[in-house]
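Here is a short briefing to read alongside the structure.

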Amino acid sequence: MSKKGVFIVFEGIDGSGKTTQVDLLAAALTEKGRDVVICRDPGGTGLGEGLRNVLLYSPGPIDPVAEALMYGAARAQLVAERILPAVRGGSVVISDRFSHSMLAYQGWGKGLDRGFLENVNRYACRGLTPDLTVLLEIDPLLAISRLTRPADRMEKEGVGFLRRVRNGFLALAQESPHHYLVLDSAAPAEELFLRVLAAVYGILG
Ligand code: TMP
């Protein structure tokens, strides 16, 4: 019998430990014999990685609407080129961020209109929604102290910005409690991973 495709997303502010959990989950599912595709948003395609570079490292100013449209463009390409074909082919796709990052960062963080952002996401995602979103919850000051590399353009927005983004993620999780797993990322990575695994097994059946 062919396996059902599944789409899992990790969200959280920068420094919340998403990448560690993505890698642990991918390794565990691969071990169980699942086809696993990992991607990151923005990124994961030629176009997306190019846009990511501009979005995170552009030295010049970027207008917030232009910024949102570039995140949307990166996501549209990622969905069309990688995520949808993989999910339809029966893979488990694990994405480091997705559409709710835009609502949290450009909406809560930068104050752009939610309706506009939802519309961009609607076209970019082509009806695809995550089966599960894991929100790694963390205090922005702790998150910043965990970063081991120089801050990128978004991280340079400061702690007040990250606090608004964090509140955005929490509000979004409350709006869809059945599709979110909210974890306190101050806990040890292995402990978090066991919770993630239990939730993912619940979906895989
Ligand atoms: P990361 O992949 O290393 O977490 O970096 C991506 C950065 O882009 C991060 O600061 C969050 C930000 N971002 C947005 O502002 N809007 C979006 O739609 C997405 C996907 C990410």
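In this predicted model, an N or O atom in the side chain of tyrosine 71 sits 2.8 Å from an oxygen atom of the ligand. Glutamine 106 also reaches the ligand, with a polar side-chain atom 2.7 Å from a ligand nitrogen atom. Both residues turn up again below, in the contact between helix 3 and helix 4.

**Around the ligand**

- The ligand has 14 residues around it, and those that come nearest are Asp14, Tyr71, Arg75, Arg97 and Gln106.
- Methionine 102 takes part through its backbone: a polar backbone atom of this residue is 3.3 Å from an oxygen atom of the ligand.

**Helix 3 with helix 4**

- The axes of helix 3 and helix 4 are 11 Å apart, and the packing angle is about 175°.
- Angles over 145 degrees count as roughly antiparallel, so helix 3 and helix 4 are roughly antiparallel to each other.
- Helix 3 brings Glu67, Ala68, Tyr71, Gly72 and Arg75 to this contact, while helix 4 brings Ser99, Met102 and Gln106.
- Sorted by class, the contact of helix 3 with helix 4 has three nonpolar, three polar and two charged residues.

**Helix 3 with helix 5**

- Helix 3 spans residues 64–88 and helix 5 spans residues 114–125; they pack at an angle of about 20°, with axes 8 Å apart.
- That angle makes helix 3 roughly parallel to helix 5.
- The crossing of helix 3 past helix 5 is right-handed.
- On the helix 3 side, the contact is made by Val65, Ala68, Leu69, Gly72, Arg75, Ala76 and Val79. They meet Phe116, Leu117, Val120, Asn121, Ala124 and Cys125 of helix 5.
- The class count for the contact of helix 3 with helix 5 is ten nonpolar, two polar and one charged.

**Helix 4 with helix 5**

- Helix 4, residues 99–109, packs against helix 5 at an angle of about 155°, and their axes are 10 Å apart.
- Helix 4 and helix 5 are therefore roughly antiparallel to each other.
- Here too the crossing is right-handed, as helix 4 passes helix 5.
- From helix 4, Ser99, Met102, Leu103, Gln106, Gly107 and Trp108 meet Arg114, Leu117, Glu118, Val120, Asn121 and Cys125 of helix 5.
- This contact of helix 4 with helix 5 has six nonpolar, four polar and two charged residues.

**Backbone details worth a look**

- Most residues other than glycine have a negative phi, and most peptide bonds are trans.
- Arginine 97 is not a glycine, yet its phi is positive, at about 80°.
- You will find arginine 97 in the loop between strand 3 (92–96) and helix 4, and this arginine 97 is also among the residues that come nearest to the ligand.
- A cis peptide bond, with omega near 5°, runs from aspartate 41 to proline 42.
- Proline 42 belongs to the loop between strand 2 (36–40) and helix 2 (46–57).

Technical notes: Residues numbered from 1 in each chain as written. Predicted model: local features only at pLDDT ≥ 70, side-chain atom pairs only at ≥ 80, totals over all residues. Heavy atoms only, no water. Axes fitted to C-alpha atoms, helices over the stretch in contact; angles between N-to-C directions. Helix = DSSP H or I, 4+ residues; strand = E, 2+ residues; numbered from the N terminus. Parallel < 35°, antiparallel > 145°, perpendicular 65-115°, else oblique. Left-handed = near helix turned anticlockwise from the far one by under 90°. Contact = heavy atoms within 4.5 Å. Nonpolar A, V, L, I, M, F, W, Y, C, P; charged D, E, K, R; others polar. Near = heavy atom within 4 Å. Polar contact = N/O pair within 3.5 Å; in protein donor to acceptor, adjacent residues only side chain to side chain.
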